[in-house]
Amino acid sequence: MSINRRQFLRRAGIVTALGLGGSFVVIGAHGKKVDAASEFKPSQQGLVAKHWAMVVDMSKFQTEDDFKRVVDSCVSIHNIPDFGNPKDEIKWIWKDDFEHAFSGGENEYLTEDFKKLPFTIMCNHCENPPCVKACPTGATFKRPDGIVEMDYHRCIGCRFCMGACPFGARSFNYRDPRPFINPASLSPDYPTRTQGVVEKCTFCVERLADGLMPACVEASNGGLIFGDLDDLNSEVRKIISSKFTIRRKAELGTQPSVYYLMGGDDHA
Amino acid sequence: MYKGGKIIASLIIFVAFLTFPFFSNMGKANAGPENLQASLSQLQLAGKQCVEPADYMRANHMQLLIKWRNSAVRDGNTVYINSQGKSVDISLQSCLECHSTGAESNPVGMSNPEVSTSDQFCVSCHNYASVKPTCWSCHSGPEGATK
């Protein structure tokens, strides 16, 4: 009954060979066709640019309603939750004053009026985005057209990007956002987020792909001008190259793509 | 055998306990989603086809969806041109146009009477296969898709 070492090794070898060979046969027979003869293309009606940029015409933001209209258009389209407390607040586009938005670069003895000047604030879609460098999973990335985009699927909620962003443009879902979205304005065309995911303004990439301007631009009555900064004939380029504009914390070298037009009543 | 009776009795109880799930679920858990085949042949009769042929979709829809996701979100390519040259919008809504209970091509829905609690296309199969994708925790799905 007993076998010697030689026999044992021989039998073990035969069984191994049979097992491996058999598994190849099974896998080969059920081989999956992963690649169909197909391709991916951008949508035909989509808006394209080399470098999307936004100009905020400060003269068009006078009343409380001017700000509210713009913010609300974004909130309803992107299913932004309202947690009801500032610590958990999710902000894509919001209002803040000069002192907080432009801290660091201002003159020391600005008038109180000027410090309180309200600004419309959003993600600056920087040319050198520090959030993209900080993201360990590539969940936030810069598209070739200059938009700093979020891929919620890949976000692991580490919040490095929030620490890296000098503009506070990123918000974290500390809780499940779904119950806090106004059901009346829930938009089925845009996903909600889950707990543990960072979100921010995306310049409405999903609307650009459909040939539409960003929601805030449409709602702003000309207060926000959006276009291709690399196109010499675009409105944004004309304004930026001919009028006085400022950018938030330009001294940090991130090259924001959002410009604030000061006293520009007479443009286009 | 010393205390043979007790040992054998205990063994029988042990084996019965061990195999209880198999016997209690016999015939039940294997009941796949109903109406699946009927719905597919209904589609074929109407000359409709999923994004790719049904065989391909059945085996590879998950890989295709991941490719769709990466293409749309990361590369900005939101149109898929299938192997027959037909263009499809990359969106879960494109799936739901047909694969949603109550849709034109799928009026009755399908369910697995033993294991499923939803008559939605995705869920009935995924419940059967015990797969739990998290699509609908963000994307808006049809009513009952998360059951």
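Predicted model: local features only at pLDDT ≥ 70, side-chain atom pairs only at ≥ 80, totals over all residues.
Local features here need pLDDT of at least 70 and side-chain atom pairs pLDDT 80 or more, while totals for chains, interfaces and linings use all residues. Residues are numbered from 1 along each chain as its sequence is written, and chains are lettered from A in the order in which they are written.

Visitor: Welcome me in with the helix: where does α1(B) bend?
Guide: Gladly! Helices are DSSP runs of H or I with at least four residues, numbered from the N terminus, and α1 of chain B covers residues 4-24. A bend is the angle between axes fitted to the seven residues ending at a residue and the seven starting there. Pro21(B) follows within four residues of the bend, which is about 45° and sits at Leu18(B).

Visitor: How many residues of α1(B) are buried?
Guide: Buried means 20 or more other C-beta atoms, placed from the backbone, within 10 Å of a residue's own. The helix lies largely in the open, because its 21 residues include a buried number of zero.

Visitor: Which strand of chain A gives the most to the side that touches chain B?
Guide: Contact means C-beta atoms, placed from the backbone, within 7 Å, and it takes 22 residues from chain A and 22 residues from chain B. Strands are DSSP runs of E with at least two residues. With three residues, the top contributor on the chain A side is strand β1 (residues 39-41).

Visitor: Which residue of β1(B) stands opposite Phe40(A)?
Guide: Strands pair if DSSP finds at least two bridges between them. Here three bridges join β1(A) to the antiparallel β1(B), residues 79-81. Opposite Phe40(A) stands Tyr80(B).

Conventions. Expected span 1.5 Å × (residues − 1). Buried ≥ 20, exposed ≤ 12 C-beta atoms within 10 Å, placed from the backbone. Contact = placed C-beta atoms within 7 Å.
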